[in-house]
Amino acid sequence: MSAKTDQTSLFTEDDITGPVTCLGLTFKTDSERREYFREELRKKLPELKTIEGFPIGSDEDIIALSDPPYYTFCPNPWLNDFIHYWDNGDNNKIDNKEPFTADVSEGKNEPIYSAHTYHTKVPYKAIMRYILHYTDPGDVILDGFAGTGMVGVAANMCGVDNALKELGYLVDGSRIIDNNKNIISTKGSRKVILNDLSPAATLISKHYNTPIQKGKLLNDFEEIINKVEKEIGWVYKTKHTVGSNKLYGRINYVIWSDVYTCPNCTKDIIFYKEAVDQEGNKVKDDFNCKNCGINLSKNNLERVFETKFDDVLQVNVKHAKQIPVKINYIYNNKYFTKELDDVDLDLINSINDYKITSEIPLNAIPDGLNTSQPMNSHGITHVHQFYFKRALIVLSKLYGEVNQRKNNASMKLILQSIVGTLVSKLVRYNMGNRGNGVLNGTLYVASMVAEPDVLKVLKGKLRDLTKVLFVENYNVISGVQSTNSLQLNENSVDYIFTDPPFGANINYSELNYIWESWINLHTNTKNEAIINSKQEKGIVEYQRLLESCFKKYYEVLKSGKWMTVEFSNSKASIWNAIREAIEKAGFVIANVSALDKKQGSFKAVTTTTAVKQDLVITAYKPLQENIEKMRNHQNTPESAWVFITQHLSKLPVVMDNNENLGMIVERTPRILFDRMIAYHVQNGLPVPISSAEFQNVLAEKFSMRDGMVFLDEQVIGYDKKKISKKEFIQMSWLITDETSAIEWIRQQLLNKPQTRQDLHPNFMKEIQHIAKHEILPELDALLEQNFLIYEGKEEVPSQIHGYLSSNYKDLRGLQKTDSKLKEKAKNRWYVPDPNKQADLERLREKSLLREFDSYKTEIEGNKKKLKQFRTEAIRTGFKKAWSEKDYEAIVNIGERLPEKVLQEDDKLLMYFDNAQIRLGV
């Protein structure tokens, strides 16, 4: 697709010479292309309005901001047309890639990441590594929770030599080579479909991924700034006195302080003057009232509210009292600080008397979780009240000038980069310790606010943004709607990288409301995937919304292809909601890695619901032929082995940790069994095999190494890699329940068979994290039900013989029947071979089912919750009840479990949710 266009049409009404080709149509100019498709969009709007997530706003605002067919600020009706146009004929290409398992670390301190102050962004350099691994040039990538469009940026950067070299890769022609001289990918941009529910986010995304003539943008916008400066630059003048000379400097920022009342004498307390240590530049923990002398702290003060006339709303309003206390200004390129003088106070009076004639947003702030703080603490009820009058005057002039320009979306992006936070009352005064700034991920008005020079901030952002607008071609297509309603054909996407909302961490629609008020387009929150009591959405509603989105992802992703889900939340219940949504949609999880963003936001370092390291979940869509095989062989063991064979082919063969080789937990028999069960349950298939049978047959069908399972063609590569490594590193298990306790013991015994006396001291140290509800069997019971002990009668088992002969010189070369060897081996516990493991599984399952039956008896005739229980017994009981289609038993027990336990245990939640669906609950 070609687009020979001088992009000045993005900022002015100038016509451009062509020709311009778009979706097979040829236009004389880019302006002609845009206007043609705008008219087409206008015709389609009535139908598009029926699609979930259509934004709240007027048709004219949607059309004016859109650049169709590439970008629409509503559902984009041309998505399938572009995919058809991009088709490279590789639809039947087989994907033999393993999951990308490296833990990625990429920082935020680079221009593209910091150019716009959006709440969250995944560093595009991190995303590049995934795109390079999973895709080839020309492949189609989808992100339905696109935010500011970093996936689009990353996809474009895959064709930029310098960006690839910054990742540490060597670029040799079209080949991309890593440090080990392996060819890892092919250079070239990928095609991307972006979508988000938020118009504000999409506006940012649009311009990070749009061809733009930066020089023209800078010139046009600087012309506007100069015009506004000449007209109202006087609002930033302040007197600078040198001797008897009265000169004028330029205000950098004004410090405003909240006013409180003393609880003892009721006199006003100006917070900045009384509570701030001027020499130490810090807020005092306590201080004395200058009037009555009583000792005070901020916690026992009450804000003073005053009633003033709001000349924008033309009504009296009650606001927290704020007064200007100091001015930081610039004179002759030097910074000074002073208290306000008569000239400054006269200026403020003049500003307050100024009549704003240009349009500014009059929107009332919606009742929300984040909006409650400014409402309650400062009486802010409308968007314009987030700004001091001086800022409103300047912003109204800027928007007035921009609104007179045709095709002004790029200019509105520049303005939007500052209006949401950087020039509002959300800017905290940091007492000179560091730059003034806002708290990310919240709407917080502090007790001391720094009112900045809007024009200065704007000039800085203009420079920042124009530095990062680099795209030359339209490789990225986007729209605004709910992800679950994307109008994409089935099996049309090659790869998905997505960053969904993290439960209740960030309320995007609330935080975006200020930005969106300036462009007159708002998020339709009906299908916003979030936990928010104001929207009456709890974890169940959140999970269902995510599930509907992942089902759409599953539908449009090509068979056998990959999806990467970046996720940041330390709550187990939210993690399980994400995992459950992914698996219910039909995906199979193959790997979980870490993404370190290097810097923590405010949320990440101060709350328990956010984490500094994000998780990256890798999942795949099973091949259609395997799905059909499993359905054709349902209720037979063959269904299980079809799944396992495919799943093993999708798992990494080695976990390479520099000099050592690491355990791949997904390849362990227990996890493989869990994955197989989960897939069958989530997809409405009967569980085809018991745990004992599974363990028994697994070793016959597949190769075993270091407690892991491999396909025959994989084990050769594993053995070859292991020879070059110094050591095999076992997984470290944190014991929190019976399952993790068994795995911990297994790891202890796998390479070192031990006596009960050897194990017991360490076991007691490790069980400090057991949940309160969990009844953990004694070590003796765990050993008897899951492992074998050598009693000294028959020949020494291979597992013990191998350990002793390797670690004791005097035992080397002895036969397994040697009395000396038998004596040393006696009373040692060891991991059984698969045949004996199957027998143990049967015995253990009987014991657990007896325990489960006792819980069923315990809840009969009462409504009490189960307070303590063996979670493993509940899991085993649920599995048996599911196989017998006794869904009522699952629901009855599930309803008696503590809600927290149910939401945080993936297996229990899976059975409970699906049993409810079967019963129509």
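User: Are Trp 744 and Phe 763 buried or exposed?

Analyst: In this predicted model, Trp 744 is buried, and Phe 763 is buried as well. The word applies when the relative accessible area is under 20%.

User: Why is the pair of Tyr 134 and Tyr 495 called stacked?

Analyst: The planes of Tyr 134 and Tyr 495 are at 20°, with the ring centres 5.0 Å apart. Stacked requires planes under 30 degrees apart, so this pair qualifies. It links distant parts of the chain: Tyr 134 is in helix α5 (residues 124–134) and Tyr 495 in strand β24 (residues 493–498), 361 residues apart.

User: How do you know whether Tyr 134 and Tyr 495 are buried or exposed?

Analyst: The relative accessibility of Tyr 134 is 2%, and the relative accessible area of Tyr 495 is 0%. The cut-off for buried is under 20%, so Tyr 134 counts as buried, and so does Tyr 495.

User: And what makes Asn 180 exposed?

Analyst: Asn 180 has 60% relative accessibility, and exposed means over 50%, so the word applies. Asn 180 is found in the loop between β7 (175–177) and β8 (183–186). Its C-alpha atom is 9.9 Å from that of Tyr 169, eleven residues away along the chain.

User: What makes the charged end of Lys 425 sit over the ring of Phe 388?

Analyst: The charged end of Lys 425 is 4.9 Å from the centre of the Phe 388 ring, against a distance limit of 6 Å. The charged end of Lys 298 sits over the ring of Phe 271 too, 5.2 Å from its centre.

User: How do you know that β11 and β20 pair?

Analyst: Eight bridges join strand β11 (residues 245–261) to strand β20 (residues 322–331), in the antiparallel sense; at least two are needed for a pair. Trp 256, for instance, has Pro 324 in β20 as its bridge partner. Strand β20 also runs antiparallel to strand β21 (residues 334–338), with five bridges between them. There, Ile 330 has Tyr 335 in β21 as its bridge partner. The hairpin of β20 and β21 has two residues between the strands, and Asn 332 takes a positive phi near 55°.

User: How does the span of helix α35 compare with what is expected?

Analyst: Helix α35 (residues 906–919) has 14 residues and reaches 20 Å from its first C-alpha to its last, close to the 20 Å expected at 1.5 Å a residue. At its start, a side-chain oxygen of Asp 905 comes to within 3.2 Å of the backbone nitrogen of Lys 907. After α35 comes Gly 920, with a positive phi near 75°.

User: Which helices do the buried residues of α35 pack against?

Analyst: Among them are α18 (539–556), α32 (871–883) and α33 (887–896). The buried residues of α35 include Leu 908, Tyr 911 and Phe 912. Ring pairs link Tyr 911 with Phe 852, Phe 878, Trp 882 and Tyr 887 into a cluster.

Technical notes
Residues are numbered from 1 along each chain as its sequence is written. This is a predicted model: local features need pLDDT of at least 70, side-chain atom pairs count only at pLDDT 80 or more; totals for chains, interfaces and linings use all residues. Side-chain values use heavy atoms; hydrogens and water are left out. Helices (H or I, at least four residues) and strands (E, at least two) are DSSP runs, numbered from the N terminus. Buried means under 20% relative accessible area, exposed over 50%, partly exposed in between (1.4 Å probe, protein chains only). The expected span of a helix is 1.5 Å times one less than its number of residues. Contact means heavy atoms within 4.5 Å. A polar contact is a pair of N or O atoms within 3.5 Å; within protein, one must be able to donate a hydrogen and the other to accept it, and residues adjacent in sequence count only if both atoms are side-chain atoms. Rings of Phe, Tyr and Trp (its six-membered ring) pair if their centres lie within 6.5 Å; planes under 30 degrees apart count as stacked, over 60 as edge-to-face and the rest as tilted. A charge sits over a ring if NZ of Lys or CZ of Arg is within 6 Å of the ring centre and within 35 degrees of the ring normal.
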